[in-house]
Amino acid sequence: MKIIDGRLRPPFRSISEGRLFDPDYSIPFIGKFGRVFPQSAIDKSMDMVIKEMDEENIVKGLTPIRRSQGKGMRNEDFPLLNEQYPDRFVGFAGLDPAIGIKETLEEIDQFVHNGVFTGINLEPGLDPTPWKLDDEKYFPIFEKCEKERIPVYITWGGLCATPWVYDPEIIDHVARTFPKMKMFLGHAGYPRAAEHSIIAINRPNVYLGIDLYIINSPAQQDYIMAGNYAAKEQICYGSAYPFNNLHDAVASYKKAFNEDVWENIFYKNTMSFLTPFED
């Protein structure tokens with residue numbers, strides 16, 4: 001069975017320079033979920049990561065570039081990653097709408113249409129200035145993505161955000177306003193699992209990348225129930241690497257979900273997200 005990893009940040013250049021690969025931050029954080037920091041992350045070894053991907057038949061990893069308030073990963077590093085490891089990673093250019101809407105639209109052309117990125121990544125919950133995704137001043141970004149069939153990756157949920165940022169009504173508002181714009185919600189709106197699962201059931205343009213939050217997490221059972229039944233075409237696998245060993249992540253999902261939905265969760269649903277709606 002082929003697998004697409006819905007959240008895999010490899011140890012490459014600026015992707016590995018932030019706190020994701022800092023053991024002092026990551027080890028205590030993933031310890032809350034009973035996870036162990038991967039040796040490949042400690043060594044920052046691309047060879048080890050590729051080997052683990054091959055062993056689990058992970059054919060691609062979705063790599064959202066994190067960029068906010070002028071800090072974080074560099075979009076310019078992804079073309080080099082793609083050149084060295086062709087077709088192994090699907091890039092989502094990190095955008096920071098704080099630079100201005102006109103400038104952000106120009107960056108979409110630069111990085112997606114004239115670059116190697118497949119889509120864009122937005123992170124409205126990042127400090128120091130969280131922003132409201134359904135504020136109409138951001139709608140030109142969504143209008144462009146819907147019209148030009150650009151998939152949108154949104155980091156949406158987790159343990160460390162201002163609570164109002166990930167209100168389910170916000171994502172539902174965007175989803176129903178732009179029904180032909182496909183959205184992949186990294187962290188799946190956690191911890192409001194049941195509400196976001198219902199949105200995914202009702203909005204075929206919303207995909208839930210649960211990643212870390214089906215593993216020893218409060219509310220995980222709502223995601224598991226959704227993936228096994230009513231939202232089996234919208235729930236997507238993700239390791240959240242480097243917050244998870246790739247072998248352990250795959251095993252955890254196989255344990256959680258019924259075997260008859262594995263192909264959907266591990267591969268088909270994420271491929272559906274990456275495939276534009278037909279006209």
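**Notebook: rings, sheet, cores and charges**

I began with the aromatic side chains and found that ring pairs link Tyr25, Phe29, Phe33, Tyr190, Tyr213 and Phe243 into a cluster. For this I counted rings of Phe, Tyr and Trp (its six-membered ring) as a pair if their centres lie within 6.5 Å, with planes under 30 degrees apart called stacked, over 60 edge-to-face and the rest tilted.

I note that this is a predicted model, in which local features need pLDDT of at least 70 and side-chain atom pairs count only at pLDDT 80 or more, while totals for chains, interfaces and linings use all residues. Residues are numbered from 1 along each chain as its sequence is written, and side-chain values use heavy atoms, with hydrogens and water left out.

**Aromatic pairs**

I then turned to Tyr237 and Tyr253, which form an edge-to-face pair at 4.7 Å centre to centre, with 85° between the planes. Tyr237 sits in the loop between β10 and α10 and Tyr253 in helix α10, 16 residues apart, and the pair links distant parts of the chain. I found both Tyr237 and Tyr253 to be buried.

**The sheet**

I traced an open sheet of eight strands with parallel pairing, in the order β1-β2-β5-β6-β7-β8-β9-β10. The edges are taken by β1 (3-5) and β10 (235-236), each of which has a single partner strand, so one side of each is left without a neighbour in the sheet. I counted two strands as paired if DSSP finds at least two bridges between them, and strand β8 (residues 183-186) pairs with β9 in the parallel sense over four bridges. Within this pairing, Leu185 has Leu208 of β9 as its bridge partner.

I also checked what covers these two strands, and α8 lies across β8 and β9, running at about 140° to β9. The axes here are lines fitted to C-alpha atoms, for helices over the stretch in contact (heavy atoms within 4.5 Å), and angles run from 0 to 180 degrees between N-to-C directions.

**Nonpolar cores**

I looked for nonpolar cores, each a set of buried Ala, Val, Leu, Ile, Met, Phe, Trp, Tyr and Cys residues joined through side-chain atoms within 4.5 Å. The largest has 82 residues, of which Phe89, Ile120, Leu133, Phe142, Met183, Ile210 and Phe257 touch the most other members. Helix α10 (residues 246-256) gives the largest share of this core, five residues. Leaving aside neighbours within four places in sequence, I listed the contacts of Phe89, among them Leu8, Pro10, Met46, Phe78 and Leu81. Another core lies apart from the largest one and has 11 residues, including Val90, Tyr153, Tyr267 and Leu274.

**Salt bridges**

I finished with the charged side chains, taking a salt bridge as a side-chain nitrogen of Lys or Arg within 4 Å of a carboxyl oxygen of Asp or Glu, and the search of the whole structure gave 15. Arg67 and Glu107 form one of them, with their closest N and O atoms 3.0 Å apart. Arg67 lies in strand β3 (residues 67-68) and Glu107 in helix α5 (residues 101-113), so this pair ties together parts that are 40 residues apart in sequence. I noted that both Arg67 and Glu107 are buried.

Lys132 and Asp134 also form a salt bridge, the closest N and O atoms being 2.7 Å apart. Here Asp134 is buried, at 9% relative accessible area, whereas Lys132 is partly exposed at 40%.

Arg203 meets Asp172 in a salt bridge at 2.8 Å, N to O. Arg203 is in the loop between α8 (193-202) and β9 (206-209) and Asp172 in helix α7 (residues 168-177), so the pair ties together parts that are 31 residues apart in sequence. I recorded Arg203 as partly exposed at 25% relative accessibility and Asp172 as buried at 12%. Not counting residues up to four places away in sequence, Asp172 touches Ile199 and Arg203.

Methods. Buried < 20%, exposed > 50% of the residue type's maximum accessible area, 1.4 Å probe, protein only.
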